[in-house]
Amino acid sequence: MAGGRKILILLLALVFAGTSTACHLYVDGKPLTTEEVNRQLAERYGAGNYQLKQMDRNHWQVALPQYAGLHYTVTSVIHRGGVVPVPRHSQEENRMEALGRLLAPRYFTADEMKEISYASGFGGGGMTVEVLSDFSDEAKIVDLQKRVEALCRDMKENYAPLAKDAHVTLTVKSDAAAADQEYGMESPKLIRWTSDRGNSRLIASYLDSLYGTGNYSYEETEDFESGKEIYQVRLKQAPEQEFHLYVQSDWFGFRKTIWDTRYRDICDLIDYNTFPLGIERAHISPDFNRRGCRVSVSNLAYGRDRVPDIINLHREASEYIQKYAAIIYADQTDGGSKQVPIFSTSISLDL
């Protein structure tokens, strides 16, 4: 018996060792080398315009004498990404942080500097200037946007090799973003044991309990999914916005489960395809776990397109999102709909 336990322990140890070795060996791509870092730097800055020093196996320091001694770090890392999260060799560089820390004090106060964050990344990275505001002080937001744009102009005109492929984002967060109340993204499921071949009483019971008696209409669709009957539902307070209801039968037809996809369908409506401003690359991201949205737009800094005004972006997006308030709060049948908050409004400038 003791011998069998020893064999089992040995087998488990071998399996663990094999798994660990496999995880180590089967990493996609190749590790970063000094030769490869040199090749990338020469392509970006030109030969002789930088100094490279290897700090250890995974870190290199890049110095740029032509930019007042500015320097940053290139790091070899292993990331998991893609559809199948296979580990793969990659790299990061805090180039944007080095540039931001050099230039930001020219444009922002010491308190504003505390709200600046940086993202490292290969071939880019980013800088985010964040402020908490309800847009009541519009002059403050206008001034901040002007200074962000001036910073971008400085980076693009005077530090182009460093700033290339990076981005600067101005984000205005609302007080609503700090709320910790969450709701369910999906409507609750109703399960009934029944031999009734029809669904009308079951559907009425479900919709009455969730949206109130008489506050809806529905009809069966020709859509088909295995084992499910699909209905189209409209609420009287938001008749132009439909969603779907499913009835699934199992246990030889003796059990039925019913649910709807209201939030999922509304998410498909509130997206960049329906955004009202006609601004390219503008996007509204619903966060219905907290019954609110985020608004963002990305622009090429000082290209042919004018940088959007963040105040107008916020105002028009608020009016647009409010069209959906009735259906977002449809399960609160106390009459009237609530305001749908925007948690954050962001303008990102690609350098």
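Student: Let's start with Ser187: where is it found?
Tutor: Ser187 sits in the loop between E7 and strand E8 (190–193). Helices and strands here are DSSP runs numbered from the N terminus, with helices being H or I of at least four residues and strands being E of at least two. Keep in mind that this is a predicted model, where local features need pLDDT of at least 70, side-chain atom pairs count only at pLDDT 80 or more, and totals for chains, interfaces and linings use all residues. Residues are numbered from 1 along each chain as its sequence is written, and side-chain values use heavy atoms, with hydrogens and water left out.

Student: Okay, and is Ser187 buried or exposed?
Tutor: Ser187 counts as buried because its relative accessibility is 9%. With a 1.4 Å probe and protein chains only, buried means under 20% relative accessible area, exposed means over 50%, and partly exposed is in between.

Student: Which side chain does Ser187 join in a polar contact?
Tutor: That's Asp260, with the two side chains joined at 2.7 Å. A polar contact is a pair of N or O atoms within 3.5 Å; within protein, one must be able to donate a hydrogen and the other to accept it, and residues adjacent in sequence count only if both atoms are side-chain atoms. Leaving out residues up to four places away in sequence, Ser187 touches Tyr206, Leu210, Tyr211, Asp260 and Arg262. Contact means heavy atoms within 4.5 Å.

Student: Nice. What about Gln241, which strand is that in?
Tutor: Gln241 belongs to strand E11, residues 238–250. With a relative accessible area of 6%, Gln241 is buried.

Student: And what does the side chain of Gln241 reach?
Tutor: The backbone oxygen of Lys323, at 3.5 Å. Not counting residues up to four places away in sequence, the residues Gln241 touches include Ile266, Leu269, Tyr324 and Ile327.

Student: Zooming out, how many helices and strands does the protein chain have?
Tutor: Ten helices and 15 strands. Of the 351 residues in the protein chain, 40% are buried. Among contacts with a separation of 6 or more, 57% come from residues 24 or more positions apart.

Student: Which residues touch the most other members of the largest nonpolar core?
Tutor: Tyr72, Phe108, Met127 and Met155, in a core of 81 residues. A nonpolar core is a set of buried Ala, Val, Leu, Ile, Met, Phe, Trp, Tyr and Cys residues joined through side-chain atoms within 4.5 Å. In soluble globular proteins, nonpolar side chains tend to be buried together.

Student: Which residues does Tyr72 touch?
Tutor: Setting aside residues up to four places away in sequence, the list has Leu41, Tyr45, Trp60, Gln61, Val62, Leu64, Glu93, Asn94, Arg95, Ala98 and Leu162.

Student: Switching to helices: at what angle do the axes of H3 and H5 cross?
Tutor: The axes of H3 (residues 95–103) and H5 cross at roughly 115° and come within 11 Å. Axes are lines fitted to C-alpha atoms, for helices over the stretch in contact, and angles run from 0 to 180 degrees between N-to-C directions.

Student: Is that crossing of H3 and H5 left-handed or right-handed?
Tutor: Right-handed. A crossing is right-handed if the near helix is turned clockwise from the far one by less than a right angle, and left-handed if anticlockwise.

Student: Which residues meet there, between H3 and H5?
Tutor: Met96, Leu99, Gly100 and Leu103 from H3 meet Leu151, Asp154 and Met155 from H5. By class, that contact has five nonpolar, one polar and one charged residues. Here Ala, Val, Leu, Ile, Met, Phe, Trp, Tyr, Cys and Pro count as nonpolar, Asp, Glu, Lys and Arg as charged, and the others, Gly among them, as polar.

Student: And Ala163, what is it in contact with?
Tutor: Arg95, Leu99, Met155 and Leu351, leaving aside neighbours within four places in sequence. Ala163 lies in helix H6 and is buried, with a relative accessible area of 2%.

Student: Last one: what's the phi of Phe135?
Tutor: Positive, about 70°, although Phe135 is not a glycine. Phe135 is in the loop between strand E6 (126–132) and helix H5 (138–158), and counts as buried at 8% relative accessibility. Asp165 has a positive phi of about 75° and is not a glycine either, but at 44% relative accessibility Asp165 is partly exposed. Asp165 lies in the loop between helix H6 (160–163) and strand E7 (167–173).
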